[in-house]
Amino acid sequence: MEGQELPYVLVDCIGGKHGVYEDHVEFLEKHFRLITMKEYLENKKFLSEKIRAVYMWYHKPVINKELLQSLPNLKIVASSGVGIDHLDLNLLSSYGVKLSNTPFVVSTDSADLGVALMLASSRRLVEGHQMAVSPDTEYFPADWLGAELSGATLGIVGMGTIGYKVAERAKAFEMKILYHNRNQRNKEEESAVGAIYCKKIDDLLHQSDFVLLSVNLTPQTHKLIGKRELELMKPTATLINISRGLVVDQDALVEALQNKVIKAAALDVTYPEPLPRDHPLLKLKNVIITPHIGSATKKTRRLMMENMVESIQAGLTGLPIPNEVSL
Amino acid sequence: MAEEELPGVLILDIGGTHGVLEDLAALLKKHFRLITMKEFLENKKEMSTKIQSVFVFECRPTIDQELLESLPNLKVIGNSGVGVDHLDLKMISNFGVKVTNTPHAVADPTADIGVALMLASARRLVEGCQIAVSPDTKYFAVDWLGVEVTRATLGIIGMGSIGYKVAQRARAFDMRILYHNRNRRRKEEEEAVGARYCEKMADLLQQSDFVMVVVNLTPETRKLIGKKELGLMKPTATLINISRGAVIDQDALVEALQNKVIRAAAVDVTYPEPLPRDHPLLKLNNIIITPHIGTATVQAMRMMAEEAIANILAVLNGQPIPSEVFPK
């Protein structure tokens with residue numbers, strides 16, 4: 001019997017280093033007819049009218065004016081992850097196309113990674129591992145020391161869902177917690193994690209042993225941390241960034257680290273990603289860089305995919321869209 | 001009190017690769033006349049009667065029969081750190097000498113390292129750093145994944161002070177906590193961290209996503225985790241060791257990691273330390289090894305010295321001893 005056709009959804013590709021995960025395809029194909037960019041380009045005439053949604057997995061396929069113009073029936077773009085700084089919201093809005101992201105599902109993994117970076121940096125874990133396995137190591141020196149978290153002050157810049165979960169975790173390590181946010185959280189939320197509001201970011205920067213950035217990237221947060229902010233930090237402080245590379249003035253950061261204006265940095269995000277192979281950040285001993293793995297766990301990526309399917313389905317049937325981004 | 005009248009305490013050395021850190025020596029000098037091994041050996045006749053205590057730092061100096069025989073006024077071995085598996089407690093006791101350790105100073109930083117290793121392993125942090133800086137990296141693959149820590153199951157083997165602090169931290173990550181211990185903890189203690197007791201270690205091993213070993217090394221815990229135990233663990237599980245290397249059958253661990261019987265391991269301790277440079281553990285991708293840094297922080301070093309000083313003074317002054325260790 002001829003059932004109703006599954007909606008046509010555009011993806012970049014399947015499998016490989018950048019594509020939709022092979023083990024997600026079965027679930028996706030229960031709900032959609034997936035069209036890869038390759039298939040689309042080979043049969044534009046027929047497919048352009050059929051495609052009603054784009055499943056944007058890690059920024060691909062790229063949404064530009066040309067694509068939007070050639071997909072007259074496109075209703076919704078579902079973007080993976082929480083960040084939307086890679087999208088032109090005005091452009092989407094002008095074509096009447098809706099947008100969804102996956103804000104909540106990434107929050108615990110991102111908070112976990114923030115704490116992982118803070119611990120790894122303060123206890124010199126990566127250096128320590130290198131020493132433990134190096135062919136040149138003959139003994140472990142007694143005077144090789146890191147710093148403790150307990151009793152130290154963590155300043156969280158951006159106390160949204162992710163920032164708050166970082167605070168919940170840091171509390172268990174007996175850290176003193178300060179936070180700076182557009183809006184102050186309510187009293188119960190603050191006392192649940194023992195967090196003290198700093199209306200001025202300067203106050204937070206002055207007092208913190210660890211400064212963790214968990215803001216989203218907007219014109220207001222672009223280069224939020226520059227030369228001035230780095231100089232306000234303690235010379236014994238560590239900067240942790242799990243937001244976006246552009247929230248930090250990278251050149252100012254390099255200078256600050258080289259001149260020991262701050263002690264160290266731990267970054268899950270840079271600009272660009274990856275950094276050029278000759279970039280000074282790659283050579284500094286007091287930096288840890290991870291390859292943007294804030295939400296890189298099997299479970300979370302699966303949940304992301306399921307959320308995106310839900311959003312697309314709602315977008316195509318005119319129902320309220322879960323995780324809609326207002327344009 | 002003049003320096004010469006202070007009780008003599010023997011140490012290996014001040015500074016250098018294995019000596020007592022300079023800052024700690026300064027703390028010790030407030031209460032004791034420090035005598036280095038070199039000074040002792042050069043002037044045994046005079047020094048041997050002055051020494052009332054040995055401050056053992058990072059397992060040095062070695063306490064053997066010869067040394068004990070040559071220190072007639074020795075009252076106490078003050079160990080920096082909690083582990084005493086490097087000391088022959090029976091032999092020392094036969095000389096009428098007491099042994100003390102520093103359980104309080106080590107607990108927080110060691111628990112922190114346990115969690116740091118768990119997070120680093122789960123999220124493949126060391127591998128990730130290598131990719132981020134490698135000259136060969138052209139792009140970051142999107143299918144490069146680790147495993148979740150939040151809401152996963154942590155099985156703690158050994159729920160003493162350190163194990164309990166690990167549980168307190170893990171609770172903040174919403175982890176499901178199981179524990180195995182010689183004795184069950186009180187209900188209030190269990191409830192405070194949401195920990196469930198597993199009378200049989202096998203039950204813990206079968207259900208845990210992360211198994212953390214936090215026991216002291218005794219004849220009973222030597223090779224506590226062997227081929228059988230590794231085989232009981234989930235193939236997706238991670239083993240974390242912050243106890244002593246000898247608690248794990250290292251050869252069995254190598255095999256288990258090579259054959260993917262378990263997903264990964266993260267260890268702050270091995271046997272010996274450091275491992276021989278050709279040891280198979282050094283070549284595996286799915287293990288993180290740190291160089292026994294559980295208490296390698298400025299704070300911990302100072303607190304261990306202060307705790308050892310308090311213990312030594314208590315013995316020498318005939319007062320109640322905060323942390324005496326007895327042979328079985």
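**Reading burial and helix packing in a predicted model**

Tutor: Leu74(B) counts as buried because its relative accessibility is 7%, and the cut-off for buried is under 20%. Keep in mind throughout that this is a predicted model.

Student: Where does Leu74(B) lie in chain B?

Tutor: Leu74(B) sits in the loop between helix 4 (65-69) and strand 4 of chain B.

Student: Which residues does Leu74(B) touch, leaving out those up to four places away in sequence?

Tutor: Leu74(B) touches Ile51(B), Gln52(B), Ser53(B), Val54(B), Leu68(B) and Val97(B). Take Ile51(B) as an example: Leu74(B) and Ile51(B) are 23 residues apart along the chain, and their C-alpha atoms are separated by 6.0 Å.

Student: Now a helix. How do I read the pattern of buried residues along one?

Tutor: Start from the general idea: an α-helix has 3.6 residues a turn, so residues three or four places apart point the same way. Then take helix 13 of chain B, residues 298-316. Its buried residues are Ala300(B), Met301(B), Met304(B), Ala305(B), Glu307(B), Ala308(B), Ile309(B), Asn311(B), Ile312(B), Ala314(B) and Val315(B).

Student: What do the buried residues of helix 13 of chain B pack against?

Tutor: Their partners in chain B are helix 1 (22-29), strand 3 (51-56), strand 4 (76-79), strand 5 (98-100) and helix 6 (103-122).

Student: How many residues does helix 13 of chain B have, and what span does it reach?

Tutor: Helix 13 of chain B has 19 residues and reaches 27 Å from its first C-alpha to its last, close to the 27 Å expected at 1.5 Å a residue. Just after this helix, Gly318(B) takes a positive phi of about 65 degrees.

Student: How are two packed helices described?

Tutor: By the angle between their axes and the distance between the axes. Helix 6 of chain A passes helix 6 of chain B in a left-handed crossing.

Student: Which residues make the contact?

Tutor: Helix 6 of chain A contributes Asp112(A), Val115(A), Ala116(A) and Leu119(A), and helix 6 of chain B contributes Asp112(B), Val115(B), Ala116(B) and Leu119(B). They divide into 6 nonpolar, no polar and 2 charged.

Student: What does the secondary structure of chain A come to?

Tutor: Chain A has 13 helices and 12 strands. Of its 327 residues, 57% count as buried. The C-alpha trace of chain A spans about 75 × 55 × 35 Å along its principal axes.

Key: Residues numbered from 1 in each chain as written. Chains lettered and ligands numbered in written order. Predicted model: local features only at pLDDT ≥ 70, side-chain atom pairs only at ≥ 80, totals over all residues. Heavy atoms only, no water. Helix = DSSP H or I, 4+ residues; strand = E, 2+ residues; numbered from the N terminus. Expected span 1.5 Å × (residues − 1). Buried < 20%, exposed > 50% of the residue type's maximum accessible area, 1.4 Å probe, protein only. Contact = heavy atoms within 4.5 Å. Left-handed = near helix turned anticlockwise from the far one by under 90°. Nonpolar A, V, L, I, M, F, W, Y, C, P; charged D, E, K, R; others polar.
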